[in-house]
Amino acid sequence: MRLKTTRCLILCVLLASCAQRKDDGSFPARNITIIVPFKPGGGFDLQARLLAPFLEKYLPNRVHVLIENVSGAGGKMAAAQLARSGPTGYTIGLIGLESIAFMRATGQLADDPQNWSWLGQLGSEPLVVAVTSGSGLKSPADMKTKNFRFGVTSEMLPSAAILCRALGARFQPVHFDGSGEVVLAAICGDVDTWVFSWPTALKSVRDSQGKLASLFVASTARLASMPEVPTLAELGIEAEAGVYAVSAVSRVIAAPSGIDAKAREILISAIERAARDPQFVEQMKHAEFEVVTADPDSIRAKLKAAVEEFARAEITHMSGAGEAQGRQAAATNNVSPIGRNQ
Amino acid sequence: MNVWLQGFQLALSGANLFFLLLGTCIGLIVGVVPVVGPSFGVTLALPFTTGMDSATAVILLAAIQSAAAYGDSIASILINVPGGPGTVASMWEGYPMTRKGMAGTALGVATGASFVGGLLAWFSFVLLAAPMTAFALMIGAPEYFVLGVAALALISIASKGETVRGLIMGCMGLLLGMMGPDPVSGVTYRFSFGIPALEPGVDIALGALAIFALPQMVTLLEEGGTIARVEQVKDSVLGGVIEAFRRPRSLVRGGLIGWLIGVLPALGTSAAGVSSYLIEKKFSKERDQFGQGSIDGLTAAEVGKGACVLGDGITSLLLGVPGSVTWAILMAALIVHGVQPGPRFMTAGVLPYTVFAGLLLSQLMYFVIGILFVKQLVRIVHVPTPILVPMVAILCFLGAYVTKNYVFDIWIMVALGVFSLAAERNGYPTVPMILGFILADLIEANFHRALGIGFGSYSVFFKRPISLVMIVLVCLFVARPWAMKFFRRRREGSRKTTGPLRVKWGELYFGGIVSAVLLTFLISSFRYSSEVRLFPLIVSGTGLVLVASWVLTATRARRVKPPPAHGSGVPVLFGIGLVGLYALLVPAAGFIAASMIFFLSVMFLSPTPADGKRWKTVSVLTIAIGLFLLSFERLLQLNLPTGLLW
């Protein structure tokens, strides 16, 4: 019996030491949580998990950085959870800037993301449109004249619709659950084209054994990693600036508005230093991601432009060709892209 | 051949064996906890692997995945609570065996069968990789749709003779699966009824837990005593392993089905276990023993799951399309270590072969460790239910919360669980419900996808050869019973139906509840656009027609009073109340405090003979639960909900 009591005591002491938190007033005094709006396994989740140890390294005080996957409802659940956590600086989110912009533009976010505390960016990847070899689509002009099937995920649907409007093309959307499924369907010839961020496009086109080809990149300059892919302008398409504002996947880090200025500065500098750590850059490169950091002001400017473009784009375009009327009611209520995963 | 040797050499060298063992142990522990399964274990381990060399990382993760997928069976068999969506079918034969005092045999069968499934899939992986990926490429949306509709026919096998009510519950399952983002464009959140937390829909793992675990907990509390109905348990795990090996037909049938389902990226382990089981039920020689602890049934369910877990890897590694969430994470781990899954995977040096070696070794490892591990766990069938049930309930709540980190998921689990309990008590089979739930998205999403692929024309289903052949087969299968009846009637004349029907009042009341739910879904469907509401309308309409036809037959039947409740434990309503209070307490008092309060209240309220040691036992156990949860939170770096008390 005594032995048991002793064991209990030891356990209690261990527990107490475990539970004790260092609190000398300096930030951070406890663990920091990164909310990821997706299930484990996607690009956002992977980047958050890669970042965590480096963030721990560059944050003052020895605290842990935890990952919390709050998936569902197109990232809305994660945004709500982030807002609910309050401006403590202990809960931050790795989110897709364009999807936040879309949610704002379609009235799904209660508070204006312009006011959030923007902390940094891990990457910003322009979108690449690819076509299948069997589709007969060889140029944006073909898209204008031909009827074609556009493989989309709910994250990519709004950008796909805006790009098609810029091209003056009508399309038949075919909806899938993830980028892998879309690419597979394209290889089988079930869809004619798709759009994804360039790392996904690069991998998929390279592995397709000639069945897929990148048509153009939706940015103003060619990509260093895909120098052979022309830009929209080079193909003679004059797209407005707004189109480029929504044609990327920007992985940004944010916290609710109103966190303490000192804590914010500490987070911003730690994220910036972690993102530039050569080892982190190397690991990201392994995963075929390119680190592109940005400061809070430029993130805000990008957000503003994207919100404006999504607000300008008519919701009817979201559902593609034809049957706009019937879906409009549903779409205006609840249109949402998920942050662009993978 | 040389690369194979190198791969195995690398996998077996240095610390890798240690990590293989470590991963297996972690996986077993993660697997035993309900809901929490392979994907959870692999996600947690992923950050620790970034610093390791690539072979070690892959081996650790593969070991966790294999062992966790296997460990899921343990809770299913021992306490009738699904360890994960893949092992739902294992409950149906495994638990009756446990009741009969054959827990060890059942666990042995599970170990042996899932190991054989793993081996089957592994060898097919290695030998048939190229034709398999070609096959997966031929199956597109139209084929998946037809496959899903064909699988719905399994409802009739799953209904235990209550075909109409089975179909009604199948409709309920389909509707449950249709909640959340619509599969046409993903932009309408259906049936959220204004509750934001319902917008993502109900997770399949959570649904399985709710439908089966909660009724089981309440039932156990009601019965009192212990799980094992017999005092002496004299059976051996090893004997069970041998039993499984002695059933080559069940192994081959279940293994093939599980493996095929694994190869198809859109289908996962939840479909594999259930399908293998139900098809075995159709073809097994010991059909009549199904539901009472048939070893054939358990073998089929387990071999199907085991084959599917590895089969999922084929498309993941060779096509780059994740076959399951777990494989998506394993793929992420490979990517971090510089190997891209995809058609060129096998050309990436030795590492791919190390991956294969690791997968095989982790199968062997869980087979050996599993036999030793489950021997210890068999004891829990002798733990008195007032202690066991709250512990299991706490684990279920934990599992329900950590998959998505919503407190609301706990409430969904309780609400759905109460519905399922009411269904079960009133003769509405719940197995068709989970089947409908699993198939809902497959059928609906692929129907609309197929139409999109065919530019909106229905001819797409008939123009593709595989799809056409499948449609013809399904039609023949469906028409067969009628055709046979037709011919038989000619020869023998019509047979009379068996004696007068008896119906309990509760069955009628429950029919009313079901039709109210169906009507709610039907009415709310009209708010959506034509494509988005198509399937919900069809399903809820069909459900209503079925309920109406059943009620018509039932009103003509004799109504009887329900037999008085049996059991020496907590009354049903009281049990439900306790679990409901626990769910409400979680956000109010915090997860850990609520769990301790729940445990204390069950211990004191359940009528067990009082003895002197009670206070001591109770307080020690309560503290132990608190400590367990706290260390779980700390070690695994989770955020459990906090409240006023903690």
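The C-alpha centres of domain 1 of chain B and domain 2 of chain B lie 29 Å apart. The model is predicted: local features need pLDDT of at least 70, side-chain atom pairs count only at pLDDT 80 or more, and totals for chains, interfaces and linings use all residues. Residues are numbered from 1 along each chain as its sequence is written, and chains are lettered from A in the order in which they are written.

In chain B, domain 1 covers 2-231 + 240-447 and domain 2 covers 572-635 (bounds from an automatic or database domain assignment). Contact joins 18 residues of domain 1 of chain B to 18 residues of domain 2 of chain B (C-beta atoms, placed from the backbone, within 7 Å). On the domain 1 side, α11 (204-223), α18 (385-402) and α19 (408-425) of chain B each give two or more residues (helices are DSSP runs of H or I, at least four residues, numbered from the N terminus). α18(B) provides the largest share, seven residues. This side has 17 nonpolar residues, no polar ones and one charged (nonpolar: Ala, Val, Leu, Ile, Met, Phe, Trp, Tyr, Cys and Pro; charged: Asp, Glu, Lys and Arg; polar: the others, Gly among them).

Chain A is assigned domain 1 (31-123 + 250-308) and domain 2 (126-246 + 312-323). Their C-alpha centres are separated by 27 Å. Here 11 residues of domain 1 of chain A meet 11 residues of domain 2 of chain A. α12(A) gives the most to the domain 1 side, with four residues. That side holds four nonpolar, two polar and five charged residues.

Between the chains, the contact takes 56 residues from chain A and 51 from chain B. The chain A side comprises 28 nonpolar, 18 polar and 10 charged residues.

Conventions. Contact = placed C-beta atoms within 7 Å.
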